[in-house]
Amino acid sequence: MQDYRKQRIYISDLTLQPENREICARVMRKWVFDGNDPGGPIRHISLVLADEKGNTIFAQILEAHVHKKGSLIHEHGVYIISKFIVRASKPTYVPFEKDLMIEFTAYTTIVAVKNPPNTFPTYVYNLTSFSQINPVGIARTKFVDVLGILTSVGAPKTVPIVRKETVGIVREVMIKNLSNEELRISLWGDQATKFTAVDMLASNNAQSIVVLFVGCLPRSVNYQTHLTGGNACRWFLNPDIKEAEPFYTSLRQNPVPVYQAPLEHHTQQVEPIILEHKNLDELNAMDPFDFPREGFKCTVTITSVPQDYRWSYYGCAKCKKAITEVAVPFRCSVCACKEAKNLYKLSFVATDDTAEGMFFCFDEISRMIIKRNVDYVLRMAMKASGLPKEITDIVSKKFTFNVILTKGSYYDGHKTYEVRSIMRDFQMEAYKAKLLLTQPLISPLSDAPPNLTIESPSQISTQSNQITRPPDLIDIAESSHTPLGMLSPDTIPQKIGLSKPPAAHNTAQRVLFPPLKANTEMLGKETDSTKEIEQTSKAILTQLAMDVTKSTTDNVSNIHEVGPTATVLPDDISVQKSAIQNKSTGANNVGQNDPTTESDKTHTQESKKRKFGDPPKHTKERTQKSTCSDNTK
């Protein structure tokens, strides 16, 4: 057995930071998200990981790393994983409530474990009772796991999806609990065709079956709650879990037959419903009773938001009915829902090249247009008068809507178009196109390792011919060819704490004695005579230093005779000192006698001593001052 326990930590040991240590985990589930666009680019891959102790965590492979990392990891496999990011968990579309989650990066290492032990868990679930399923608000984005007795399995059907102008495959499955409460589960796409209970029913002659569904989303249609199963959905028939024991006991006493609907043999292929596109001039001139139920497509640009229209209201979270009087506790009179919240009801004026029209949309569509939660916009509205900026910012945005007429449009001559869905968001398309053009495959700020391995063209070509669309479960041969989509703002490299590029450093040498500002101003006012005197003094001092060095070498014996505490200056130094003094006082001849008194001579000699001092030190100081002056210039 392979030794995989070196440097291993458990999922419970993870903390909020980049993690370089290794975890050994089994992939309990793996699914892809393609933006609800079958055949489109994969936006991310989601994983449910579990270690030997039964600790679980949600993990994601973001779009930028799907191509290289997605093919290295498979459902039900055991892997040693290291060099990943541990971050706060997402609040929506996660299989369970956890504080932390894992994000894979380009540096993440994934090593498969050969012959792993059987100590890893077989099931990961968090059961919800039928009565606690909530299809309202943020609960719609929480995955639900349910356990029940299978009662009927419908045949897969091809149905048109009007709002996307495409078709989909759906299979209806019914289960019930021990209280005989029934729940409908709609399996879509590949899940509808892969439902394995069909083969089990054929072999077992439709005997009683207990089924565990995980990864379903709650929905409500005509006030009836049901679950939908997409790429994240899995099922386990007759699972070996303790919660299923009461079901098995009940079935031994009262078997429940399973009804299986016969396969439908369609003589005519179901075609997608393609909506007709009309401009506003055509829609305004049309008789309201000539509008089809599916409506029309219309491309418009928002021009204004009326000030006198309310853009929010307080209503039932399930049926969206407005609430005039709030009772405590709340209970909707229409659907019996016990939850109420703030909702959008947005009205705006939009135009195209032909005419102008009034449009209206409810909460979900309004949120997609405004791209802000209604509670946040309400808080912003309290800080300023008039319409909040988040509402007025939608002006000049362009969309293609699927529209029908409001009920009031049938009574008077003023048409108002209700937006049923957004077919195209031109702002988002422009953003993605710009991002695709400006973001290279491996940017300088990306977290790709320097020794990136590129697959050979032959491998990519072979893999591309094996698949026609991104599958729900990706294996090695299938996922490596998946095209990279456009990066979203959640996958920007700064998000995972990558280091920024080094800042440019100034390579200019520092000035040892930087000039003062006052000196700089004075230099600007210097006269030519001052500069000439300074240059002359500099030349004399340079010559003096050379002579002093030479004379000190020639008369070193004299210095030793006098003693270490005395310094004997040669005669030529006295002459040069007199020359410097005469030069500074305007004298023409160095050897002439000064017409001064004895006291003046004595004072002059003392000044010379203070002025000259030790010749080498004096030369050094004056040289530094001259250098500083030159730098100032």
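Author: Five strands close into a barrel in the order 16-19-20-22-21, with mixed pairing. The twist from one strand to the next averages 60°. Axes here are lines fitted to C-alpha atoms, for helices over the stretch in contact, and angles run from 0 to 180 degrees between N-to-C directions. This is a predicted model, in which local features need pLDDT of at least 70 and side-chain atom pairs count only at pLDDT 80 or more, while totals for chains, interfaces and linings use all residues. Residues are numbered from 1 along each chain as its sequence is written, and side-chain values use heavy atoms, leaving out hydrogens and water.

Reader: How do strand 19 and strand 20 run, parallel or antiparallel?

Author: They run antiparallel and are joined by six bridges. Two strands pair if DSSP finds at least two bridges between them. Helices (H or I, at least four residues) and strands (E, at least two) are DSSP runs, numbered from the N terminus. Thr 351 stands opposite Glu 356 in strand 20.

Reader: And which way do strand 20 and strand 22 run?

Author: Strand 20 and strand 22 run parallel, with three bridges between them; Phe 360 stands opposite Glu 418 in strand 22. Strand 21, by contrast, pairs with strand 22 in the antiparallel sense over seven bridges, and Phe 399 stands opposite Asp 425 there.

Reader: Which strands does helix 6 lie across?

Author: Helix 6 lies across strand 16, strand 19, strand 20, strand 21 and strand 22, and runs at about 50° to strand 22.

Reader: Changing topic: how many residues are in the largest nonpolar core?

Author: That core has 33 residues, and those with the most contacts inside it are Trp 311, Phe 348, Phe 359, Ile 369 and Phe 401. A nonpolar core is a set of buried Ala, Val, Leu, Ile, Met, Phe, Trp, Tyr and Cys residues joined through side-chain atoms within 4.5 Å. Elements giving two or more residues to it include helix 5 (280-285), helix 6 (363-370) and strand 21 (398-405). Apart from it lies another core, of 23 residues, among them Leu 47, Tyr 79, Ile 81 and Ile 110.

Reader: What does Phe 359 touch?

Author: Not counting residues up to four places away in sequence, its contacts (heavy atoms within 4.5 Å) include Leu 280, Val 300, Phe 348, Phe 401 and Tyr 417.

Reader: Moving to helix 7, which residues are buried?

Author: In helix 7 (residues 374-381), Val 374, Val 377 and Ala 381 are buried. They are on the same side of helix 7 because they cover an arc of only 60° around the axis. The arc is that of the directions from the helix axis to the C-beta atoms. Buried means under 20% relative accessible area, exposed over 50%, and partly exposed in between (1.4 Å probe, protein chains only).

Reader: What do those buried residues pack against?

Author: The buried residues of helix 7 pack against strand 17 (312-316), strand 18 (340-344) and helix 8 (389-392).

Reader: Where is Leu 343, and why does it count as buried?

Author: Leu 343 is in strand 18 and counts as buried because its relative accessibility is 0%. Leaving aside neighbours within four places in sequence, Leu 343 is in contact with residues including Trp 311, Cys 316 and Val 374. Leu 343 and Cys 316 are 27 residues apart in sequence and 8.8 Å apart in space, C-alpha to C-alpha.
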